[in-house]
Amino acid sequence: MLGRFRYGYVAPAVLLVAGLLYAPFVWTAYLSFTRYDGLESPAWIGLDNFVKLFDDAALLTSTRNTLIWVVGTMVLPVGLGLLVAVLSYDIKGGAWFRVPFMLPYALSGAGLAMVWSPILSHDGVANRLLGVDTAFLQDSPYNTLAMLLVWTWQQLGVNTLLFVVGLQSIPKEPIEAARLDGASGWRLFRHVIWPLMRPLTAVVVGLALVAGLKTFDIVWVLTQGGPGRNSETLAVTMYKETFVSSDYGYGSAVAVMLTVVTGLASYLYLKRQVTAT
Amino acid sequence: MIRRAVLVVLGLVWLGPTYLLLVNASRPADSYDPGSAWIPSGDFALLENFASAVEGANLSGSLASTALYSVVSPLLGVVIGALAGYTIVVLRLRHGFWWFLLIFGGTVFPSQMLLVPLFVGYSDAGLYDSRAGMILLYTAINVPLAGFVLRNFYSGVAFSIFEAARMDGASTWRIFWRIYLPISFTALAAVFILEFTFIWNDLVFGLTLTQTEEVRPVMTAIAGLMTDVYAGTPVPVGLAAGLVVSLPTVVLFLATQRLFARGLALGSVH
């Protein structure tokens, strides 16, 4: 009696996940070995798409940009988030000091672009404020760096929040003991607080690593990977190769590469964290 | 003292763009000038600007669609995921852990690995550019997280509840629907909020699988205001649109903050 319905109960979940997540995943892996334009059936061409990956100047640029995004997101929003958290977590009215950093988190990718494009544009607010005439979103790799700063502006708040929660939950005793021993400021942070915060930092940095590799939305809405193709990330390149150039096979190969890199990076990162602790 | 000074300076830098957003989203559409962007306008035209964004880009259809997607898909997703979690834990499905891994494994795929087959498959199946297709996909994306959280939650519920209900002759479905689903309300709500936010902010699936203004999710439509060279949207109109469409997720989050924290804690503690 019990057994009869059991498989029926997991069926909706399994069918949805298998049909809309697993099957496309496997299908993309297959397509990466084919020439395919979406109209005629896919033609098997072995490793040609992957060979082309290594010989594609645009892909080199987007790999470099993705690398900037990865390193940048692991350093800037996380580092500054930690700084704001450490400065504010135990002072009176700390939450109020954090409000300015939380507000931008409310905006999503498209809203974010709305705010920054008039600031960064040629005749925009930033140029007038700084008294310069810079094309922030034009020259590579500076346009990627500019977008990275925009991203930092948005993401800092959520990292701060995570670190504040972490700081408030670490044991008070070691900190009190160190204070009594005369430690304060940088030394207190470096030798007492930081070691206690390491596990949480590892998680936050790990999340930033994966998010950095998958960067798409902000680039798409601010530059669409341009001008030309000089601010593309791997995720943007995948989208453009597929849906702009109709090269589904090559687009799939880029997707596979992105997946392999993400998997490998996460694995190595996790392994390092496990051996380090 | 130095700590406060650093926080204030950094905070002011961070407030700058927020200030520009608020001031310029509220000024009359034709009065934007980058030179005087810092000076607030005497007129408050936020709602007019949003109205002209809705009208110009025909956002009303996409707003309705997005509202539909972000409510219906997480609802379906949490119930389907909860049912799977209930079956695995409470009904003790054979090889339950592997079924769980299969369902939860759905979270690891980057969306880029899904786009081509979804686009081609949806076109063949007549689901391209349809609301049903979007609801179906978003539901599938929600299932793994719902299954994960609810499996954890139900592992912490005393099995005697189930046994007692069986003694009283209740069917497994009735026990799920009338007992297990209601007691996991906070966990369900936490997952719902996360998924609502994900769908509301989704750009790439909307970009790939929709075309018409009525079906297209609002973030994709808004991105179109920016990226479409022919749109030439006035800055205040774009800002007002970006501001107003960001509100629902903020309001939902603020309104349910407590519930949210409690729900996630329940999901992970047990």
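**Exercise 1.** State which domains the domain assignment of chain B gives, and how far their centres lie from each other.

*Solution.* Begin with the bounds, which come from an automatic or database domain assignment: chain B has domain 1 (2–44) and domain 2 (57–269). Next, take the centres over C-alpha atoms, and 35 Å is found to separate domain 1 of chain B from domain 2 of chain B. Then turn to contacts, where two residues count if their C-beta atoms, placed from the backbone, lie within 7 Å; 7 residues of domain 1 of chain B are in contact with 7 residues of domain 2 of chain B.

The model is predicted, so that local features need pLDDT of at least 70 and side-chain atom pairs count only at pLDDT 80 or more, while totals for chains, interfaces and linings use all residues. Residues are numbered from 1 along each chain as its sequence is written, and chains are lettered from A and ligands numbered from 1 in the order in which they are written.

**Exercise 2.** Explain why H11(A) is largely enclosed by the rest of the structure.

*Solution.* First, recall that a residue is buried if 20 or more other C-beta atoms, placed from the backbone, lie within 10 Å of its own, and that helices are DSSP runs (H or I, at least four residues), numbered from the N terminus. Since 9 of the 10 residues of H11(A) are buried, this helix is largely enclosed by the rest of the structure. The buried residues include Leu234(A), Met238(A) and Tyr239(A). Finally, consider the partners: the buried residues of H11(A) pack against H3, H10 and H12 of chain A, together with helix H5 (112–125) of chain B.

Key:
Buried ≥ 20, exposed ≤ 12 C-beta atoms within 10 Å, placed from the backbone. Helix = DSSP H or I, 4+ residues; strand = E, 2+ residues; numbered from the N terminus.
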